[in-house]
Amino acid sequence: MIDNAYLERVAEDLKSQIGSLVVNNQTVPIQSVTRKGRTIIVETLSQQGITEVTSIRLYDEKGNLITERMPSISVADQQRLAFRFEFEVKGGSA
């Protein structure tokens, strides 16, 4: 079993590496990156003018992909969108 203190250290490392969020090839400004224990929370500023969400990518500070989602979500005109990601660092089993 991996010690909880170590998992929190890994979570802090991940938090410090969050670089950018890209929606449909458009960078969306990140409002905050916080950590609560082993959970990292990434929140963006709200955006207007996005009519469909087909790609969401979160990158580290060096431009390496952390995670991506490929939804197919239509958005009503004049609707503002804000994005929120939560990651929990968990220990694995051998």
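Predicted model: local features only at pLDDT ≥ 70, side-chain atom pairs only at ≥ 80, totals over all residues.

Skip its neighbours within four places in sequence, and Val 53 is in contact with Val 23, Asn 24, Pro 71, Ser 72, Ile 73, Val 75, Leu 81 and Phe 83.

Now widen the selection to the largest nonpolar core. It holds 18 residues. Val 53 is one of those that touch the most other members, along with Leu 21, Val 23, Val 42, Ile 56 and Phe 83. Which elements each supply at least two residues of this core? Colour helix 1 (4-17), strand 1 (18-23), strand 4 (39-44), strand 7 (56-60) and strand 11 (84-88). Strand 1 gives the largest share, three residues.

Next, select Phe 85 and Phe 87. The distance of the centres and the angle of the planes describe a pair of aromatic rings. The count of aromatic pairs here comes to one. The ring centres of Phe 85 and Phe 87 lie 6.2 Å apart with the planes at 10°, so this pair is stacked; the cut-off for stacking is under 30 degrees. Are these two side chains' residues buried or exposed? Phe 85 is buried, because its relative accessible area is 12%, under the 20% limit. Phe 87 is also buried, at 17%.

Ile 2 sits in the segment before helix 1. Its relative accessible area is 37%, so Ile 2 is partly exposed. How far apart are the C-alpha atoms of Ile 2 and Gly 91? They are separated by 5.6 Å, although the two residues are 89 residues apart along the chain. Beyond the neighbours within four places in sequence, Ile 2 is in contact with Leu 7, Gly 91 and Gly 92.

Zoom out and show the cartoon. The protein has one helix and eleven strands. Along the principal axes, the C-alpha atoms fill a box of roughly 50 × 25 × 20 Å. Take the contacts between residues at least 6 apart in sequence: 58% of them join residues at least 24 apart.

Finish with the surface. The protein exposes about 6200 Å², and carbon and sulfur atoms supply 44% of that area. Buried residues make up 29% of the 94 residues.

Key: Residues numbered from 1 in each chain as written. Heavy atoms only, no water. Helix = DSSP H or I, 4+ residues; strand = E, 2+ residues; numbered from the N terminus. Buried < 20%, exposed > 50% of the residue type's maximum accessible area, 1.4 Å probe, protein only. Contact = heavy atoms within 4.5 Å. Areas by Shrake-Rupley, 256 points an atom, 1.4 Å probe, with all protein chains shown as cover. Core = buried A, V, L, I, M, F, W, Y, C linked by side-chain atoms within 4.5 Å. Phe/Tyr/Trp six-rings, centres within 6.5 Å; stacked < 30°, edge-to-face > 60°.
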